[in-house]
Amino acid sequence: MRTTLLKLLSLLFAFALVGAACGSDSDNADDGSSDDSAQDDGSSDDGSGDDGAGDDGSGDDTVDLTQGGGTLAAVQARGNLNCGVSGAAVAFSFVEADGSVNGIDADYCRAVAAAVLGDSEAVTFVNLTAAERFAAVQSGEVDVLMRNSTWTQSRDTDVGMDFGPTTYYDGQQLMARAGDGFSGTSSVDEIDGAIVCTNAGTTTETNISELAANLGISITLNTFEDFNQVTDAFVSGACDVITTDGSGLVGRKAEQQPDDQEWVIFPATPISKEPLGPVYAQNDSQWADVVNWTVYATIIADENGVGSGDVDDALANGTPEMQRLLGGEGELQSAMGLSPDAFYNVISQVGNYSEIFESNLGPVGLVREGSANAAWTEGGLIYAPPAR
Ligand SMILES: N[C@@H](CCC(=O)N[C@@H](CS)C(=O)NCC(=O)O)C(=O)O
């Protein structure tokens with residue numbers, strides 16, 4: 001009883017902290033930011049965005065996250081996938097004027113829905129800020145999170161979450177105005193004395209704080225609840241430098257650079273590793289298999305040169321691996337509780353890895369060739385275990 005009470009109290013405390021982080025914008029109606037000296041706060045936040053979640057995030061009479069299980073059956077019974085996204089991340093998950101959600105993360109939500117429910121449109125997108133996202137996984141508000149989320153040791157080993165295969169290998173960079181003397185070859189120590197802005201609850205905050213301390217430079221780090229506020233502050237001149245995953249900077253530059261400004265992204269080599277991919281509640285092995293193999297199916301189809309228009313031909317005449325993957329002889333999808341044609345639906349309705357990458361990231365200028373996101377056969381890191 002006493003244990004139950006303690007767990008309940010610490011759960012309330014955890015949500016109060018997350019709520020405070022998310023509420024910081026309205027508390028500070030002037031600019032939506034919280035100001036910190038980077039040299040003071042470098043160690044105050046682990047960037048996991050799940051402050052206060054040291055408790056297992058569960059009450060005894062709710063879902064026991066240490067036991068896990070049941071997400072596949074729950075999604076099948078509901079007939080809909082609750083997928084956590086940003087909604088404001090250009091090319092990853094962005095809510096368009098007509099309400100549709102576009103981006104690589106949004107497409108991986110659709111891929112999981114296609115695998116589990118046979119319908120890539122059976123998705124409820126849940127927009128989450130960086131600071132909100134992990135509590136939404138831990139509480140079961142979302143079945144899976146596809147939100148530019150970096151796989152880190154602390155996030156993975158904190159109670160409540162597991163990470164799936166990386167869908168985009170990213171790295172943190174900075175963006176500043178050419179008119180302020182910056183260029184693509186600028187180095188990080190050139191931001192000494194600058195006001196640097198980013199969004200709260202991210203690896204971004206801690207990476208830049210640690211690096212500034214290591215370089216012995218002084219920056220003022222202003223954090224905002226979401227990246228729209230960060231970019232707005234940059235456009236208005238309230239921030240000298242903004243920083244986040246390089247892909248995010250490329251997307252924002254493509255969409256929002258004003259005609260009278262030139263934005264430059266640096267340093268050429270990112271300051272961190274940001275492997276982005278799916279996140280789900282821990283200890284649900286069946287659900288982990290479903291999400292992981294959905295991602296792998298898109299990669300294997302790509303390796304076999306099978307795109308959305310080729311599935312029928314590949315099912316009839318493709319390699320034995322492709323025939324198994326698409327539900328033909330020797331199929332393996334039933335073993336994880338899916339229908340044999342689960343990945344046929346994924347590839348035909350959403351596409352293979354290249355199709356998903358090119359349609360979402362191509363328009364903002366991100367390319368696979370020569371990057372970590374190239375196929376392993378081309379010197380990249382995109383690789384899937386065999387479907388056998
Ligand atoms: N990958 C980092 C950063 C994630 C992040 O929040 N990225 C920004 C820039 S791409 C973003 O998603 N912004 C959209 C938003 O704030 O909703 C992390 O996992 O902490």
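User: How many residues surround the ligand, and which are the closest?
Analyst: In this predicted model, 19 residues surround the ligand, and the closest are Ser86, Ala88, Thr202, Phe227 and Gly248. A residue counts as near a molecule if its C-beta atom, placed from the backbone, lies within 6 Å of it. Local features need pLDDT of at least 70, side-chain atom pairs count only at pLDDT 80 or more, and totals for chains, interfaces and linings use all residues. Residues are numbered from 1 along each chain as its sequence is written.

User: Which elements each supply at least two residues of that shell?
Analyst: They are β3 (88-89), α7 (203-215), β13 (241-245) and β15 (274-276). Helices (H or I, at least four residues) and strands (E, at least two) are DSSP runs, numbered from the N terminus.

User: How do the shell residues divide into nonpolar, polar and charged?
Analyst: Five are nonpolar, eleven polar and three charged. Here Ala, Val, Leu, Ile, Met, Phe, Trp, Tyr, Cys and Pro count as nonpolar, Asp, Glu, Lys and Arg as charged, and the others, Gly among them, as polar.

User: How many bridges link β3 and β4?
Analyst: β3 and β4 (residues 93-95) pair over two bridges. Serine 93 in β4 is the bridge partner of alanine 89.

User: What is the phi of alanine 91?
Analyst: Phi of alanine 91 is near 75°, a positive value in a residue other than glycine. Alanine 91 is found in the loop between β3 and β4.

User: Changing topic, which residues does the cis peptide bond join?
Analyst: The cis bond joins phenylalanine 266 and proline 267, with omega about -15°. Proline 267 is in the loop between β14 (263-266) and β15.

Notes
Pairing = 2+ DSSP bridges.
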